[in-house]
Amino acid sequence: MPEQISFRLFVFRIWMLCGALVAVFMLAGCATQSMKASEAISPEPNDVASLNNQALMFMQQHRYGEAAMLLETGLESAPDVADLHYNLAVISELYLLDLDRALIHYQRYQSLSANEDKKVTGWITDLKRRLE
């Protein structure tokens, strides 16, 4: 009887390992396809919506420097788009640790927004304190 239980346990473990391997290969394939899709998209410098979307995709792939460059490209052609400033500020502060650039873009975001974002106001205050 113990041999039968251990054989069942062995088969169960093999079955679980196979399932885990399938999941890993599927995730690897999805990541590769996602990267290929993002690299295939090359938005025009003045198509700020596409630039912003691709920058967000780069952020999800932990490609923060490339995301920041795309957002800066968008700001060259459309300096009054608040979302570009917001996203660049977040990337600059949290991932690139460029607090000066983050502060500039949070402030620009606030000045372009119709209503004051209290959360961003708090971040601006915090950044000013950290930069002193």
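Leucine 71 is in contact (heavy atoms within 4.5 Å) with Asn52, Ala55, Leu84, Asn87, Leu88 and Ile91, its neighbours within four places in sequence being left aside. The model is predicted, so local features need pLDDT of at least 70 and side-chain atom pairs count only at pLDDT 80 or more, whereas totals for chains, interfaces and linings use all residues. Residues are numbered from 1 along each chain as its sequence is written, and side-chain values use heavy atoms, with hydrogens and water left out.

- In soluble globular proteins, nonpolar side chains tend to be buried together.

**Helix H4 and what follows**

- Eleven of the 14 residues of H4 are buried, so this helix is largely enclosed by the rest of the structure; buried means under 20% relative accessible area, exposed over 50% and partly exposed in between (1.4 Å probe, protein chains only).
- The buried residues of H4 are Ala82, Leu84, His85, Tyr86, Asn87, Leu88, Ala89, Val90, Ile91, Ser92 and Glu93.
- Their cover includes helix H2 (48-60), helix H3 (64-77), helix H5 (99-112) and helix H6 (118-131).
- The end C-alpha atoms of H4 are 20 Å apart, which agrees with the 20 Å that its 14 residues should span at 1.5 Å a residue (the expected span is 1.5 Å times one less than the number of residues).
- Leucine 94 belongs to H4, residues 82-95.
- Leu94, Tyr95 and Leu96 form a nonpolar surface patch with about 270 Å² of accessible area together. Patches take residues with over 30% relative accessible area and no salt bridge, joining like charges within 9 Å and nonpolar side chains (Val, Leu, Ile, Met, Phe, Trp, Tyr) within 5 Å; areas come from the Shrake-Rupley method with a 1.4 Å probe, and for residues only the protein chains shown count as cover.
- After H4 comes leucine 97, whose phi is positive, near 55 degrees.

**Salt bridges**

- The count of salt bridges is seven, each being a side-chain nitrogen of Lys or Arg within 4 Å of a carboxyl oxygen of Asp or Glu.
- Glutamate 72 and arginine 101 meet in one of them, at 2.4 Å from N to O. This pair links distant parts of the chain, 29 residues apart, with glutamate 72 in helix H3 and arginine 101 in helix H5.
- Glutamate 72 is partly exposed at 31% relative accessibility, whereas arginine 101 is buried at 18%.
- Arginine 101 also forms a salt bridge with aspartate 98, at 3.7 Å from N to O; aspartate 98 is partly exposed, with a relative accessible area of 29%.
- In helix H6, arginine 129 and aspartate 126 lie three residues apart, about one turn of the helix, and their closest N and O atoms are 2.3 Å apart in a salt bridge.
- Arginine 129 is exposed, with a relative accessible area of 52%, while aspartate 126 is partly exposed at 23%.
- A network of salt bridges links Glu93, Asp126, Arg129 and Arg130.

Notes. Helices (H or I, at least four residues) and strands (E, at least two) are DSSP runs, numbered from the N terminus.
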